[in-house]
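Biologist: Hi! I'm new to this one, could you walk me through it?
Modeller: Happy to, let's bring it up.

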Amino acid sequence: MYLSRFLSLHTLWVTVSSVMQHYPSVWGHYDVCKTQIYTEEGKVWDYMACQPEARDMIKYVKVTLDPPDITCGDPPETFCAMGNPYMCNNECDASTQELAHPPELMFDLEGRHPSTFWQSTTWKDYPKPLHVNITLSWNKTIELTDNIVITFESGRPDQMILEKSLDYGRTWQPYQYYATDCLDAFHMDPKSVRDLSQHTVLEIICTEEYSTGYMTNSKIIHFEIKDRFAFFAGPRLHNMASLYGQLDTTKKLRDFFTITDLRIRLLRPATGEIYVDEQHLARYFYAISDIRVYGRCKCNLHATGCKEENKRLLCECEHNTTGPDCGKCKKNYQGRPWSAGSYLPIPKGTANICIPSISSIGNPPKFDRIWPNISSLEVSKPNQANVCDNELLHCQNGGTCINNVRCQCPPAYTGILCEKLRCEREPGGCGGRSSAPGRAGEGAGPGPRLLLLPLLALLAARPPRGC
């Protein structure tokens, strides 16, 4: 009895696993662009919306500092230790590796002690403002998926603005303001993300939460992506379908989480007091040990891969699309206007694949359906062939394309492309029939098409793997 129950459970598990194998996007991750499915007409591709995995985008960033000579060490200078602001015997020297603090140390692996960090010059020119712009560029459109985290080795700045660009740095928009006193610094009432809602999630706020001044145990600044996601997906982000639905239908929301560049504008270093101690200006500087930015390449739901090529990220486009963001149809696949994929309907979305141009029928492109080569099915006069379905496949044996989605076959034929003799499904098969009526100009004898019919029948009858 126990053995039979075990076998029954095992059979159920194999069946469920098989189903899951053929529908990998059932949980709405959009991590597959197409999958093979089996229909009465044979083995075909089922297309769906897809997107790359989220990753650490800092690996691909280019950093620019303004002013360019703002990094300490050239010439060498001393600065005060953070733990004791009056012990000013630390040295920054760009010519000595152990004492240098170049920008790339903002992005190296942490976990070592002492931490490695970039550091600015000190505020030796006070009262002239100590302003620094740190620009992070990807030369690629990025969709943010997690909080932006900046870890300061110095105290967190008294005033800072995080900005974003959607056009490769040509224009900039504020993402969030940070200050010890929002009203004084930016004429804004202080808020936190917790004060927002679904209706105000796009509001640009000033927060005092991350600007507590000169404190050794308060080094981190956040820009909260996940807290904003949670307004739609719930506190633990369990309802991602709701978030995807909102992203799909609200362009402003989708653009809010999309960037090509980030800019960190450091406007006033941590002072810890209302006034600046002009006798100890070496206390005041910026130092950043780590920046984290997680996201995915924006591929308009037409790719699951994103590769680095010639120091640039490029989507590995599917659905007959091309371009850095899969933002246009391939040549010869412009049978209808390009469109981004859609998250809807949940969970597989809509692929919105590009279809071949009518002008390309005379030289048919490669198709994604799992069929033998078109020429082997005797498309001897492709300019006269009917054209059908989302990929404009050729209707065979006098079939007629209906609404560009299916072939209407003559009485003697069946199949997606009208490539099968209907008599094969009847008792006794095609028996004494020497051949079926062909198109004008074709011989009556069995050509390559009829020789391939058993192969097509085998493909149609083949069961899914795991069954």
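**A first look around**

Modeller: Let's start at a side-chain pair: the side chain of T271 makes a polar contact with the side chain of D158, at 2.8 Å. Keep in mind that this is a predicted model.

Biologist: Where does T271 sit in the fold?

Modeller: T271 is in the loop that runs between β14 (258-268) and β15 (287-292).

Biologist: And is T271 buried or exposed?

Modeller: T271 is buried, because its relative accessible area is 0%, and the cut-off for buried is under 20%.

Biologist: Let's zoom out. How many helices and strands does the protein have?

Modeller: There are six helices and 26 strands.

Biologist: How much of the protein counts as buried?

Modeller: Of its 467 residues, 47% count as buried. The protein exposes about 24,100 Å², and carbon and sulfur atoms supply 53% of that area.

Biologist: New topic: where is W338?

Modeller: W338 belongs to the loop between β20 (328-329) and β21 (386-388). W338 is partly exposed, with a relative accessible area of 30%.

Biologist: Which residues does W338 touch, leaving aside its neighbours within four places in sequence?

Modeller: W338 is in contact with several, including N300, H302, T321, K328 and C354. C326 is also among them, and the backbone oxygen of C326 lies 3.0 Å from a polar atom of the W338 side chain.

Biologist: Which residues have a positive phi although they are not glycines?

Modeller: H319 is one of them, at about 60°, and N352 is another, at about 50°.

Biologist: Where are those two, and are they buried or partly exposed?

Modeller: H319 lies in the loop between β18 (312-316) and β19 (321-322), and H319 counts as buried because its relative accessibility is 3%. N352 is in the loop between β20 and β21, and N352 is partly exposed, with a relative accessible area of 25%.

Note on methods
Residues numbered from 1 in each chain as written. Predicted model: local features only at pLDDT ≥ 70, side-chain atom pairs only at ≥ 80, totals over all residues. Heavy atoms only, no water. Helix = DSSP H or I, 4+ residues; strand = E, 2+ residues; numbered from the N terminus. Buried < 20%, exposed > 50% of the residue type's maximum accessible area, 1.4 Å probe, protein only. Polar contact = N/O pair within 3.5 Å; in protein donor to acceptor, adjacent residues only side chain to side chain. Areas by Shrake-Rupley, 256 points an atom, 1.4 Å probe, with all protein chains shown as cover. Contact = heavy atoms within 4.5 Å.
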